[in-house]
Amino acid sequence: ADGLSGAPAPFDKGGVKVALISYISAGDFFQAYQAGAEAQAKALDIDLRIFPGRQDAAEQREQILQAINLGVSGIVIDHGLPESLGDVVQQALDKGIKVVAFDVNLNNPKIPQVEQSDHELASLALEQVVKDNGNSFNAGYVYVAGFAPLDRRNEVWDKFKSDNKGVIEKARFGNVSDTTATSTADQAKAVLTANPDISVIFAPYDEFARGVKLAANDLGIASKLKIYSADVSTADIQEITEEGSPWVATVATNPAVVGAVSIRAAALKIAGQTVPHQITVKPTLLTQESLRAAGVKTIEELAEKIPAFSTSDAATASWIPDKLF
Ligand code: SR1
């Protein structure tokens, strides 16, 4: 550890220990988030300890206790179930450890909350739904309660339905696990078979959208269905732009940028600098048409065309390197 010249203590000496504790590690979004956190940590000469998530609340609690015992200066908590985290997070705060939360509401004024502006994300997706389909159609909705980003997106979906009485939610389904896409595909097959009049699916998580697309292709109904999602990855771009794909739009940030922002927020807290309570990384609407027209095939190509996909001005300081991708 050499430290960063011109940085405040303890970053001037380097080797500051920070833990990244995730609830979910599987899937493109979470892998890219972690890669962004690692890149930002490296640029800050942070010794980042990564605790992989396995959708296990008890294990995540245990990992927070392990991080406290390791003597970390900061902990980034990426998703999780707030009810099982409150007391262990308080133990960390009591020891002077700085905590940052991404997409889990820890409801503590000392803990900055990072999010992707989920209300705006869902609104942009649903505006595109209306542009493409009008405001009278039968819909399927993919949702699992208890995850902060999905709950925020759900608030927008509920309001959208009450404002557009012609939108009928015929079925609601979803699964979050280490096999989210394939489990959701199984559910989607049953739903789409039982409800052949569904023409729109709102699936605001890319693993959900991938599952619905799989089901639509297997059932041979892709041309009769339009899927709207959240998130983007190189694999998603390929699935959205391929010939005949029913996945017609997504609203997304670059998850690597969100991972980097989370680490920067922790670094600012550790350096004793001011961090807003709410830290937002704004999403962008990406339609199948716009991606095809731009000839974009990867997240890196997206980052070359859309500045928000290469960096964010959230949680920055002159001493923090932020051009990472
Ligand atoms: C199970 S929660 C999944 C969501 O978390 C992140 O906010 C991603 O955007 C993803 O859609």
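Residues are numbered from 1 along each chain as its sequence is written. Because the model is predicted, local features need pLDDT of at least 70 and side-chain atom pairs count only at pLDDT 80 or more, whereas totals for chains, interfaces and linings use all residues.

Helices (H or I, at least four residues) and strands (E, at least two) are DSSP runs, numbered from the N terminus. An open sheet of 6 strands has the order β2-β1-β3-β4-β5-β11, with parallel pairing; two strands pair if DSSP finds at least two bridges between them. Its edge strands, each pairing on one side only, are β2 (46–51) and β11 (278–280). From one strand to the next the twist averages 20 degrees. Within this order, β3 (residues 74–78) runs parallel to β4 (residues 98–102), and 5 bridges join the two. G74 has K98 of β4 as its bridge partner.

Helix α1 (residues 28–43) lies across β1 (16–22), β2 and β3, and runs at about 160 degrees to β2. For such angles, axes are lines fitted to C-alpha atoms, for helices over the stretch in contact, and angles run from 0 to 180 degrees between N-to-C directions. Two residues are in contact if their C-beta atoms, placed from the backbone, lie within 7 Å.

Helix α2 (residues 57–70) packs with helix α3 (residues 86–94) at an angle of about 10 degrees, their axes being 9 Å apart. That angle makes α2 roughly parallel to α3, because angles under 35 degrees count as roughly parallel, over 145 as roughly antiparallel, 65 to 115 as roughly perpendicular and the rest as oblique. The contact is formed by R61, I64, L65 and I68 of α2 together with V88, V89, Q91 and A92 of α3. By class, these residues comprise 6 nonpolar, 1 polar and 1 charged; Ala, Val, Leu, Ile, Met, Phe, Trp, Tyr, Cys and Pro count as nonpolar, Asp, Glu, Lys and Arg as charged, and the others, Gly among them, as polar.

In the second pair, the axes of helix α4 (residues 118–133) and helix α5 (residues 148–163) come within 8 Å and cross at roughly 45 degrees. α4 is therefore oblique to α5. Among the residues that make the contact are L121, A122 and L126 of α4, and V156, W157 and F160 of α5. The contact of α4 with α5 has 7 nonpolar, 2 polar and 4 charged residues.

Strand β8 (residues 200–203) pairs with two strands. With β6 (residues 137–142) the pairing is parallel, over 3 bridges, and Y141 has F202 of β8 as its bridge partner. With β9 (residues 226–230), which also runs parallel to β8, there are 4 bridges, and I201 stands opposite I227. In a regular strand the side chains alternate between the two faces of the sheet. Both faces of β8 are covered, with V200 and F202 buried on one side and I201 and A203 buried on the other.

The selected residue, T241, is found in helix α8 (residues 234–241). T241 is partly exposed because 17 other C-beta atoms lie within 10 Å; a residue is buried if 20 or more other C-beta atoms lie within 10 Å of its own, exposed if 12 or fewer, and partly exposed in between, with C-beta atoms placed from the backbone. Leaving aside its neighbours within four places in sequence, T241 is in contact with Q288, L291 and R292. The C-alpha atoms of T241 and S290 are separated by 9.5 Å, although the two residues are 49 residues apart along the chain.
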